[in-house]
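User: I've got a model open and I'd like to learn how to read it feature by feature. Could you walk me through it?

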Amino acid sequence: ASYVSSSLSFHSNFSHSGNRSSKTFKPKKNIPEGSHQYELLKHAEATLGSGNLRMAVMLPDGEDLNEWVAVNTVDFFNQINMLYGTITDFCTEESCPVMSAGPKYEYHWADGTNIKKPIKCSAPKYIDYLMTWVQDQLDDETLFPSKIGVPFRRNFMSVAKTILKRLFRVYAHIYHQHFDSVMQLQEEAHLNTSFKHFIFFVQEFNLIDRKELVPLQELIDKLTTKDR
């Protein structure tokens with residue numbers, strides 16, 4: 001099968017730098033061309049191209065909510081993967097000894113299986129754990145089935161919510177600790193558009209608890225009030 005880039009192409013319109021690093025932090029997760037999920041991704045790209053993010057996140061008529069959430073979760077993983085990939089040089093053990101989103105919010109890592117008791121670790125270590133864990137979930141065919149007709153597990157939505165909650169923390173860390181670097185790389189429009197799309201999506205389907213979003217609440221209010 002030929003695989004295609006599943007990072008939504010509309011984002012490239014927002015990069016003015018031309019020399020943007022496209023390295024990703026982890027290998028990209030590709031959606032197989034010709035699959036129904038690939039068609040859904042194409043639909044998402046087309047509606048995103050219109051620039052109306054509220055419309056773009058809505059469940060297309062007649063589609064399965066689990067499948068729509070799955071396709072978008074894979075895409076957000078790829079977007080965040082790339083955004084974090086551009087600033088890995090600035091996110092080091094020295095610069096970020098703890099995983100934080102500003103002085104009031106610190107995250108400790110646990111995945112419930114390998115690490116049961118939350119551990120305090122540096123941001124690069126935490127994000128490595130987090131992205132590896134997300135990758136493992138996305139690669140699990142019983143959780144994220146890529147074949148038509150394979151049903152989603154009953155707990156799919158709760159797993160998707162955990163994935164999105166954790167991906168939010170990477171956005172929060174980038175905004176709070178590395179926004180200067182993002183500006184230096186002329187990536188801020190790209191980051192803002194990606195985050196706004198993410199927020200509209202999780203709001204549309206109520207996928208992240210409001211208290212989890214508090215570290216970026218001001219920004220969320222600013223990005224979303226214009227489009228109510």
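This is a predicted model: local features need pLDDT of at least 70, side-chain atom pairs count only at pLDDT 80 or more; totals for chains, interfaces and linings use all residues.

User: Where does Asn81 lie, and which residues is Asn81 in contact with, leaving aside its neighbours within four places in sequence?

Analyst: You'll find Asn81 in helix H3, which covers residues 65-87. Beyond those sequence neighbours, its contacts are Thr24, Phe25, Lys26, Pro27, Lys28 and Met131.

User: Zooming out, what does the secondary structure of the protein come to?

Analyst: There are 7 helices and 2 strands. Reading from the N terminus, the order is α-α-α-β-β-α-α-α-α. Of the 228 residues, 50% count as buried. Take contacts between residues at least 6 apart in sequence: 75% of them join residues at least 24 apart.

User: How do I read a pocket?

Analyst: The general idea is that rolling a probe the size of a water molecule over the atoms shows where empty space is left. Here, the largest pocket holds about 240 Å³ of space.

User: Which elements give two or more residues to the lining of the largest pocket?

Analyst: Those are helix H5 (156-184) and helix H7 (217-225). H7 gives the most, with 4 residues. The lining includes Tyr175, His176, Phe179, Glu218 and Lys222. By class, the lining has 6 nonpolar, 2 polar and 2 charged residues.

User: And salt bridges? How many does a search of the whole structure find?

Analyst: Side chains of opposite charge can pair when their charged atoms come close. In this model the search finds 7 salt bridges. One of them joins the side chains of Asp139 and Lys29, at 3.2 Å from N to O. That pair links distant parts of the chain, 110 residues apart: Asp139 is in the loop between helix H4 (123-138) and H5, while Lys29 is in the segment before helix H1 (36-49).

User: Is Asp139 buried or partly exposed?

Analyst: Its relative accessible area is 48%, so Asp139 is partly exposed. Another pair is Arg153 with Asp140, at 4.0 Å from N to O. Arg153 and Asp140 are in the loop between H4 and H5, 13 residues apart. Arg153 is partly exposed at 34% relative accessibility, and Asp140 is partly exposed at 26%.

User: What about Asp209 and Lys211?

Analyst: Their side chains meet in a salt bridge too, at 3.3 Å from N to O. Asp209 is partly exposed, with a relative accessible area of 45%. Lys211 comes in at 60%, so Lys211 is exposed.

Methods
Residues are numbered from 1 along each chain as its sequence is written. Side-chain values use heavy atoms; hydrogens and water are left out. Buried means under 20% relative accessible area, exposed over 50%, partly exposed in between (1.4 Å probe, protein chains only). Contact means heavy atoms within 4.5 Å. On a 1 Å grid over the protein atoms alone, a cavity is a set of points where a 1.4 Å probe fits but cannot get out, and a pocket is an open set with protein on both sides within 12 Å along at least five of seven lines; lining residues have an atom within 4 Å of a point. Grid points are joined across faces, edges and corners, and a volume is the space filled by probe spheres set on the points. Ala, Val, Leu, Ile, Met, Phe, Trp, Tyr, Cys and Pro count as nonpolar, Asp, Glu, Lys and Arg as charged, and the others, Gly among them, as polar.
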